[in-house]
Amino acid sequence: MTQEPEFETILYKRDGKVATITLNRPEQLNTIVPPMPDEVEKAVAIATLDENVSVIVLRGAGRSFCGGYNFGGGFHHWDSLITTEGQWDPGKDFAFATAPQVAPTQKFLSVWRTSKPVIAQVHGWCVGGGSDFALSADLVIASDDAMIGTPYSRMWGCYLSGMWLYRLGLTKAKEYALTGKPFSGTEAAEVGLINKAVPFAELETTVAKLAEQLSSIPLSQLSAMKLIVNQAYDNMGLASTQTLGPILDGLMRNTPDAQRFIDLAQTDGVRAVVTERDGLFGDYSQAPMERQPNPEHVIIP
């Protein structure tokens, strides 16, 4: 096993033919802040260029895969790219959302574009931008009690990667786009959003076995099969969806309703705004415990 260069928000290691990228902000549910998108992109590049690597595994440290974008502080960690003199600048946001060199969504989509197969190992919360990231992997294996959803469908966002649309199909995509309801890991597997759900105790071994199986196939063969599938979806307009989604996301973060939402998050805390947002639906943090991930299910890197 080799330890690669250290990062601030992720961990990277290679064990044989498998490179593992671990989101490593466990106390914050691996919520997305700078420089996480840049570091993920760099780690994917390292794995792609490493001739010893055949498969990439994504996972999250602690009790969740990823809690989405961190907005508790008002999103100010992106200010230099989306504001001018303290005010939202739609021109800047447009450029930020679409330029591959800076756009977080495009950096996370490096897992879609790499020639090597990527397996997302999902547990705990996998929501918002975290779900867009996980669903950009080639194969997604989740614990049965994981919760996968887009609460931003109700406030302060829009589909970013397009993967929810292409994986679900029209009927379910409309339902979940309009309601923002989450899936458990088991439910997500049943509707084809992800590949498989297993008990948490079996998650790591299931992913490791799948990675080992893929690693036994010639890398050129894996790359060819990934390319032909990706190309088919690119021909269906995936790239244009991935351009429009982040632009709409920027607009939805700056409507009067969204401004009120983020102001309340800053003054009363994130718990207050998510209680207001999700209370009527009775899901996410407002769900009964049996509809939340088991907090004792922890990944230790």
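Asn 30 is found in the loop between strand E3 and helix H1, where helices (H or I, at least four residues) and strands (E, at least two) are DSSP runs numbered from the N terminus. The model is a predicted one, in which local features need pLDDT of at least 70 and side-chain atom pairs count only at pLDDT 80 or more, while totals for chains, interfaces and linings use all residues. Residues are numbered from 1 along each chain as its sequence is written, and side-chain values use heavy atoms, with hydrogens and water left out.

## Backbone features

Although Asn 30 is not a glycine, its phi is positive, at about 55°. At 0% relative accessibility Asn 30 counts as buried, a class that means under 20% relative accessible area, with exposed standing for over 50% and partly exposed for the range in between (1.4 Å probe, protein chains only). The loop between E3 (18–23) and H1 also holds Pro 35, and Pro 35 is joined to Pro 34 by a cis peptide bond with an omega of about 5°. A positive phi, near 50°, is found in Glu 85 as well, again a residue other than glycine. Glu 85 sits in the loop between strand E5 (83–84) and strand E6 (87–88), and with 81% relative accessibility Glu 85 is classed as exposed.

## Salt bridges

A salt bridge is taken here as a side-chain nitrogen of Lys or Arg within 4 Å of a carboxyl oxygen of Asp or Glu, and by this rule the count comes to 14. Three of these pairs are set out below.

| Asp 283 | Arg 154 | 2.6 Å |

Asp 38 is partly exposed, with a relative accessible area of 36%, whereas Lys 107 is buried, with a relative accessible area of 4%.

For the salt bridge between Asp 283 and Arg 154, Asp 283 lies in the segment after H14 and Arg 154 in the loop between strand E10 (147–149) and helix H7 (163–168), so the pair ties together parts that are 129 residues apart in sequence. Asp 283 counts as buried at 8% relative accessibility, and Arg 154 counts as buried at 16%.

Glu 276 is partly exposed at 46% relative accessibility, and Arg 260 is partly exposed with a relative accessible area of 46%. Salt bridges that share partners also join Arg 154, Arg 277, Asp 278 and Asp 283 into one network.

## The largest pocket

On a 1 Å grid over the protein atoms alone, a pocket is an open set of points where a 1.4 Å probe fits, with protein on both sides within 12 Å along at least five of seven lines, and its lining residues have an atom within 4 Å of a point. The largest pocket has a volume of about 1,100 Å³, the volume being the space filled by probe spheres set on the points, which are joined across faces, edges and corners. Of the 44 residues that line the largest pocket, the closest to its centre are Thr 31, Gly 67, Phe 71, Val 127 and Val 270. At least two lining residues come from each of helix H3 (90–98), helix H4 (104–108), strand E8 (125–127), helix H12 and helix H14 (270–278), and H14 gives the most, with five residues.

## Surface patch

Leu 244, Leu 248, Leu 251 and Met 252 form a nonpolar surface patch with about 320 Å² of accessible area together. Such a patch is made of residues with over 30% relative accessible area and no salt bridge, nonpolar side chains (Val, Leu, Ile, Met, Phe, Trp, Tyr) being joined within 5 Å and like charges within 9 Å; accessible areas come from the Shrake-Rupley method with a 1.4 Å probe, and for residues only the protein chains shown count as cover. Leu 248 lies in helix H12 (residues 238–252) and is partly exposed, with a relative accessible area of 31%.

## Cysteines

With a disulfide defined as a pair of cysteine sulfur atoms within 2.5 Å, the count comes to zero. The sulfur of Cys 66 is 7.1 Å from the closest cysteine sulfur, in Cys 126, and therefore too far for a bond; Cys 66 counts as buried at 1% relative accessibility. The sulfur of Cys 158 is likewise too far for a bond, because the closest cysteine sulfur, in Cys 126, is 18 Å away.
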